[in-house]
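Trainee: I am new to this structure and would be grateful for a guided reading of it. May we proceed by questions and answers?

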2 protein chains.
Amino acid sequence: MERDERFIFLIGQAQHRLFTRLDQALMKAAGITAAQSGALYYLMEHDGCLLSELSRALLLDKSAITGLVDRLESKGIVERCRTSSDRRAINIRLTEAGKAAARKCLVVTKEFNNAVKEGLSEQEIGTFSMILQKIISRFPR
Amino acid sequence: MERDERFIFLIGQAQHRLFTRLDQALMKAAGITAAQSGALYYLMEHDGCLLSELSRALLLDKSAITGLVDRLESKGIVERCRTSSDRRAINIRLTEAGKAAARKCLVVTKEFNNAVKEGLSEQEIGTFSMILQKIISRFPR
DNA sequence: CATGATTTATTTATATATAAATAGTTAATA
DNA sequence: TATTAACTATTTATATATAAATAAATCATG
């Protein structure tokens, strides 16, 4: 395998391991996966938003959100409810259990971020973030 | 959303966009996805290897390899065959179409890597790779 | 040699993600 | 107003990945 291919492989591996570890830690602490925690963080500040709004905020397809919310709802973390006059619209609300889970996830995620950054200088972290952002802006969705 | 959470989010987004783009380019050029191309690259140098060997090389679960090889086999890119005396073992062989596809993928992947690195200095790329490798070694599978 | 452990591959269940098609509702405009 | 656009959410199909259970074969060792 050449160096060229390994570059992409490295990013994939690093991302995968980070998410797998965070998944495990969040699942243990709050019964929530990393992908699900993203929805919780958004709902903490936009409780009651529409599925479509969550879709745009998390940069996920509407159908992915349907499944994500299904799984959160079956765990009692959120609930769907229709409140607006627009009969197409469905709002998502954090339950009390959901709010508690979100707070636990936040603690775990912060600890995890510190662990990831350990041993790296502020400057290195800055360069790393800058390149990630360049990649993201260079390859729009 | 705080800075802490965005760090993980950034890595996920960057990885996702890179793989989506590479997926599209490889699919157009050779009818192959990025994940499948990884198997092809390994097979170019280890043609006829076992499923289990591919599993270890790509750092994927055996069941993931079963599905991956199923999809490649249905496209006529590889074929399963039993050759060794161990009756559990199944070898994977690139077909002629598979070898042609692998060569096309290699060209596309190299071009793609150059596009990703464009506008970044050698030093920045070095720091970026170093951090990815640190993350990978800090979080073993 | 016989039993238990390991290896090889598959299957099933679950989670994640996209794309395309659908259904119902609302908005825009000709 | 009638028709077309767009929006909201879901469903279906496909691809990817893990974990756990299974089945068959082989290995190791007591």
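This is a predicted model: local features need pLDDT of at least 70, side-chain atom pairs count only at pLDDT 80 or more; totals for chains, interfaces and linings use all residues.

Trainee: At what angle do helix 2 of chain A and helix 5 of chain A pack?

Mentor: Two packed helices are described by the angle between their axes together with the distance between those axes. For helix 2 and helix 5 of chain A, the axes are 10 Å apart. Angles of 65 to 115 degrees count as roughly perpendicular. The pair falls in that class because helix 2 and helix 5 of chain A pack at an angle of about 110°.

Trainee: Is the crossing of helix 2 of chain A and helix 5 of chain A left-handed or right-handed?

Mentor: The helices that cross here are helix 2 of chain A and helix 5 of chain A, the latter covering residues 96–117. Their crossing is left-handed.

Trainee: Which helix of chain B gives the most to the side that touches chain A?

Mentor: The contact takes 34 residues from chain B and 34 residues from chain A. On the side of chain B, the elements that give two or more residues are helix 1 (3–30), helix 5 (96–117) and helix 6 (122–138). By class, that side has 19 nonpolar, eight polar and seven charged residues. The most, 15 residues, is given by helix 1 of chain B.

Trainee: Which helix gives the most to the surface near DNA strand C?

Mentor: Of the 22 residues around DNA strand C, Thr33(A), Ser63(A), Ser52(B), Lys62(B) and Ser63(B) come nearest. Two or more residues of this surface come from each of helix 2 (34–45) and helix 4 (62–74) of chain A, and helix 3 (51–58) and helix 4 (62–74) of chain B. With five residues, the most is given by helix 4 of chain A.

Trainee: From which helix does the largest share of the surface near DNA strand D come?

Mentor: Around DNA strand D there are 22 residues, of which Ser52(A), Ser63(A), Thr33(B), Asp61(B) and Ser63(B) come nearest. Helix 3 and helix 4 of chain A, with helix 2 and helix 4 of chain B, each supply at least two residues of this surface. The surface divides into eight nonpolar, seven polar and seven charged residues. Its largest share, five residues, comes from helix 4 of chain B.

Trainee: Is Leu59(A) exposed or partly exposed?

Mentor: Leu59(A) sits in the loop between helix 3 and helix 4 of chain A. Although it is not a glycine, Leu59(A) has a positive phi of about 60°. A residue is buried at 20 or more other C-beta atoms within 10 Å, and exposed at 12 or fewer. Because Leu59(A) has 15 such atoms, it is partly exposed.

Conventions. Residues are numbered from 1 along each chain as its sequence is written. Chains are lettered from A and ligands numbered from 1 in the order in which they are written. Two residues are in contact if their C-beta atoms, placed from the backbone, lie within 7 Å. Helices (H or I, at least four residues) and strands (E, at least two) are DSSP runs, numbered from the N terminus. Ala, Val, Leu, Ile, Met, Phe, Trp, Tyr, Cys and Pro count as nonpolar, Asp, Glu, Lys and Arg as charged, and the others, Gly among them, as polar. A residue is near a molecule or strand if its C-beta atom, placed from the backbone, lies within 6 Å of it. Axes are lines fitted to C-alpha atoms, for helices over the stretch in contact, and angles run from 0 to 180 degrees between N-to-C directions. Angles under 35 degrees count as roughly parallel, over 145 as roughly antiparallel, 65 to 115 as roughly perpendicular and the rest as oblique. A crossing is left-handed if the near helix is turned anticlockwise from the far one by less than a right angle, and right-handed if clockwise.
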